[in-house]
Amino acid sequence: MLDPFVAPTPTSRIIAARPRTRCVVGGHVITQATKCRHDAVEFDVTLTDGTGQLLLAFLGRRRIHGFKPGREATAAGTVVMNDIPTMLNPQYWLHIDNGERARG
């Protein structure tokens, strides 16, 4: 069971993430975007750790405050394959500049 207030350590490298497996990865945000498809909305965040990229897809969300390019984050969830490895509605922790972490 993951602590909702403390980001888990250690994390796996993104390149090691495999489809249909649960993992915990860390990295920094390189892009964010809101997509609208028909009647559904999705907030996408691309995370990288230098070994690869992982898409964090938050279904039903238009925005999540705190996600911005350059921000360090940790995410935990099950990986699915799309164009790039993806986690749907993952648990996440945003790293705050002073070394503390916030959970979402």
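**Exercise 1. The surroundings of Thr48**

Determine which residues Thr48 is in contact with, leaving aside its neighbours within four places in sequence.

*Solution.* Contact is taken as heavy atoms within 4.5 Å. With neighbours within four places in sequence left aside, Thr48 is in contact with Ile14, Gly27, His28, Ile30 and Gln53. The structure is a predicted model, in which local features need pLDDT of at least 70, side-chain atom pairs count only at pLDDT 80 or more, and totals for chains, interfaces and linings use all residues. Residues are numbered from 1 along each chain as its sequence is written, and side-chain values use heavy atoms, with hydrogens and water left out.

Helices (H or I, at least four residues) and strands (E, at least two) are DSSP runs numbered from the N terminus. Then consider accessibility, for which buried means under 20% relative accessible area, exposed over 50%, and partly exposed in between (1.4 Å probe, protein chains only). Thr48 has a relative accessible area of 12% and is therefore buried. Finally, the side chain of Thr48 reaches the backbone nitrogen of Gly50 at 3.3 Å.

**Exercise 2. The partners of strand 4**

Identify which strands pair with strand 4, and over how many bridges.

*Solution.* Two strands pair if DSSP finds at least two bridges between them.

1. Strand 1 (residues 22-37) and strand 4 (residues 72-81) are antiparallel, with seven bridges. Here Cys23 stands opposite Gly77 of strand 4.
2. Strand 6 (residues 91-95) pairs with strand 4 over four bridges, also in the antiparallel sense. Ala75 faces Tyr92 of strand 6 as its opposite residue.
3. Strand 5 (residues 85-88) is joined to strand 4 by three antiparallel bridges. In this pairing, Thr86 of strand 5 is the bridge partner of Val80. A hairpin connects strand 4 to strand 5 through three residues.

**Exercise 3. The aromatic pairs**

State how many aromatic pairs a search of the whole structure finds, and describe the geometry of the pairs Phe43 with Phe67 and Phe58 with Tyr92.

*Solution.* Rings of Phe, Tyr and Trp (its six-membered ring) pair if their centres lie within 6.5 Å; planes under 30 degrees apart count as stacked, over 60 as edge-to-face and the rest as tilted. The search finds four aromatic pairs.

For Phe43 and Phe67, the ring centres are 6.4 Å apart and the planes stand at 55°, so this pair is tilted. Phe43 lies in strand 2 (residues 40-48) and Phe67 in the loop between strand 3 (53-59) and strand 4, so the pair ties together parts 24 residues apart in sequence. Phe43 is buried at a relative accessible area of 2%, and Phe67 is buried at 1%.

For Phe58 and Tyr92, the centres are 5.5 Å apart and the planes at 80°, so the pair is edge-to-face. Because Phe58 lies in strand 3 and Tyr92 in strand 6, this pair ties together parts 34 residues apart in sequence. Phe58 is buried, with a relative accessible area of 4%, and Tyr92 is buried, with 10%. Phe43, Phe58, Phe67 and Tyr92 form one aromatic cluster.

**Exercise 4. Ala16**

Locate Ala16 and decide whether Ala16 is buried, partly exposed or exposed.

*Solution.* Ala16 is found in the segment before strand 1. The relative accessible area of Ala16 is 45%, so this residue is partly exposed. Ala16 and Gly52 are 36 residues apart in sequence, with a C-alpha to C-alpha distance of 8.9 Å.

Key
A polar contact is a pair of N or O atoms within 3.5 Å; within protein, one must be able to donate a hydrogen and the other to accept it, and residues adjacent in sequence count only if both atoms are side-chain atoms.
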